[in-house]
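Here are a few friendly notes to read alongside the model. Please have the surface view ready as you go through them.

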Amino acid sequence: MKTMELSPMSVVLSDSYVLVSSESVKNFKKVVKKHLVSVCKFLICISPVYPQYVDSMKNS
C-alpha cells in the first residue's frame with residue numbers, strides 16, 4: 001500500500017477532486033433526466049399515431 005504525505009496542498013487537491021466528482025454526478029443526473037423527459041414526450045407524441053400505423057401495416 002502506498003503512503004501519501006499529508007500536506008495542506010494534498011488536502012486541497014483531494015477536496016477539489018471530491019467537489020468535481022460530485023459536480024459531474026449532478027451534471028450526469030441532469031442530462032439523464034432531460035433525456036428521459038424527452039423520450040417520454042416523444043412516446044406520448046407518437047402514441048395516438050401508433051394504432052393507425054399498425055392498421056395500415058395490416059392492410060398492406
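1. K29 counts as exposed because its relative accessibility is 58%, where exposed means over 50%, buried under 20% and partly exposed in between (1.4 Å probe, protein chains only). K29 is found in helix α1; helices are DSSP runs of H or I with at least four residues, strands are E runs of at least two, and numbering starts from the N terminus.

2. Together with K26, K30 and K34, K29 forms a positive surface patch. Patch members have over 30% relative accessible area and no salt bridge, with like charges joined within 9 Å and nonpolar side chains within 5 Å. A salt bridge here is a Lys or Arg side-chain nitrogen within 4 Å of an Asp or Glu carboxyl oxygen.

3. Please bear in mind that this is a predicted model, with local features needing pLDDT of at least 70 and side-chain atom pairs pLDDT 80 or more, while totals for chains, interfaces and linings use all residues. Residues are numbered from 1 along each chain, and side-chain values use heavy atoms, without hydrogens or water.

4. Helix α1 spans residues 8-46 and also holds L43, which is partly exposed because its relative accessibility is 47%.

5. Overall, the protein chain has two helices and zero strands, and 2% of its 60 residues count as buried.

Technical notes
Areas by Shrake-Rupley, 256 points an atom, 1.4 Å probe, with all protein chains shown as cover. Lys, Arg positive; Asp, Glu negative; His and termini not counted. Charge placed at Lys NZ, Arg CZ, Asp CG, Glu CD.
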